[in-house]
Amino acid sequence: MSSKKPLLRALAREALDRPPVWLMRQAGRYLPEYRALRAEVGGFLDMVRDPAAAAEITLQPVRRFGVDAAIVFSDILLPLEAMGMELRFDERGPVLPDPLREARDVEALAPVDPARDLAYVGETLELVKTALPGDTTLIGFCGAPFTLACYAIEGGTSRQFLELRHLMYRESELFGELMDRLARVVADHLRFQVASGAEVVMLFDTWAASLTKEDYARFAEPWTRRVLAELAGVAPRVVFVGGAAHLVEEQLALGVEGVALDHRVDLEQAFLLAGGRTALQGNLDPAVLLATPAEVARRTRALLERVRGRPGHVLGLGHGVLKSTDPDCVAAFVEEARK
Ligand code: CP3
């Protein structure tokens, strides 16, 4: 598995003289060049569906900071749109005005052929691939089935996802039918992204941490495992569950190449638990990037000091870059990995 790119080497847990670094949501509204392009092209979805614009945005943080990875500019919710659900983004975030509530809603979902229905994602990946510096890794991604089910059933972001809970507990057969369909689409979409140039695939299960250990094992993990099994040997797989301090063991047991850790997890402890089974990505609190560049550098140094000498560390944040982040603080963060 020896390959030259630092991120691929870290995911293979090779010893490196410095950790590779990239940030979740490294492209976005905190960058003036993103806001400028957005003002030109239109809304978020217009940019995502325009491969030239999406490729340019994907490359913006690579050019500005020299991060070790580019993550394709897209969104986890696009496969739901491809399945026939209306999707909008407003100031509060994503809105799916016709959420799934009963059997006929699930039956009405369309089968997805990513090469046809998500072709723009493939085109974006191909464009980025040709423009990427030789040692930078291209990451494709998708939402995990459980997190997609959260949005499909709730119709948007929610505090407690009670509609989902209702369906999950009371109509578990219907929930299972929906999860089967989502797992199919997620696996197909990830394979399509690899065929289009993605070298690593990342599965975001942002909302799985709302489940207890018991419910995670029953209602989320089986379908996550099904997706991961289809990608085994196809590309290194990285999983992320937001806020999931209580599910770290579960993530480590998935048998993936990398686990991205939330900032509330102790990184050193996680390395002990992982016992060399998997690489770990993370996990500075994204809110720390609201401090001064000097403070960001100090906190990043402290984090790196705690895991120095451990192979398989990818420096990153515990969640996405916040909108009010000063780009100079991202630069200070990246710079520490270079030292
Ligand atoms: O740079 C990157 O990380 C690549 C692109 C990326 C986006 N979304 C772009 C985006 C990635 C990897 C995602 C993943 C995503 N999308 C997740 C999982 C990761 C996480 O944050 O837990 C989730 C839950 C979503 C769904 C989503 N998309 C929400 C809740 C929102 C609104 C919140 C917000 O920050 O605006 C989005 C919109 C979105 N996705 C934006 C971007 C850059 C903001 C678009 C804009 O208004 O310009």
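Visitor: What is the relative accessible area of Arg298?

Guide: This is a predicted model, in which local features need pLDDT of at least 70, side-chain atom pairs count only at pLDDT 80 or more, and totals for chains, interfaces and linings use all residues. Residues are numbered from 1 along each chain as its sequence is written, while side-chain values use heavy atoms, with hydrogens and water left out. Where buried means under 20% relative accessible area, exposed over 50% and partly exposed in between (1.4 Å probe, protein chains only), Arg298 is partly exposed, its value being 43%.

Visitor: Which residue forms a salt bridge with Arg298?

Guide: A salt bridge here is a side-chain nitrogen of Lys or Arg within 4 Å of a carboxyl oxygen of Asp or Glu. With a relative accessible area of 24%, Glu295 is partly exposed. The closest N and O atoms are 3.0 Å apart in this pair, and the partner of Arg298 is Glu295.

Visitor: Is Glu14 buried or exposed?

Guide: Glu14 forms a salt bridge with Arg9, the closest N and O atoms lying 2.7 Å apart. Arg9 has a relative accessible area of 26% and is partly exposed. The value for Glu14 is 18%, and Glu14 therefore counts as buried.

Visitor: At roughly what angle do the axes of α16 and α17 cross?

Guide: The two helices meet through residues including Val296 and Leu304 in α16 and Ala332 and Phe333 in α17. Axes are lines fitted to C-alpha atoms, for helices over the stretch in contact, with angles from 0 to 180 degrees between N-to-C directions. Because angles under 35 degrees count as roughly parallel, over 145 as roughly antiparallel, 65 to 115 as roughly perpendicular and the rest as oblique, α16 and α17 are roughly parallel to each other. Their axes come within 8 Å and cross at roughly 30°.

Visitor: How far apart are the C-alpha atoms of Met85 and Leu125?

Guide: Met85 lies in the loop between α5 (78-82) and β2 (88-90), and its relative accessible area of 6% makes it buried. Leaving aside neighbours within four places in sequence, Met85 is in contact (heavy atoms within 4.5 Å) with residues including Leu80, Leu109 and Ala152. Leu125 is 40 residues from Met85 along the chain, and their C-alpha atoms are separated by 24 Å.

Visitor: Which residue with a positive phi follows α9?

Guide: Ten of the ten residues of helix α9 (residues 145-154) are buried, so this helix is largely enclosed by the rest of the structure. Those buried residues include Phe146, Tyr151 and Glu154. The residue that follows α9 has a phi near 85°, and this residue is Gly155.

Technical notes:
Helices (H or I, at least four residues) and strands (E, at least two) are DSSP runs, numbered from the N terminus.
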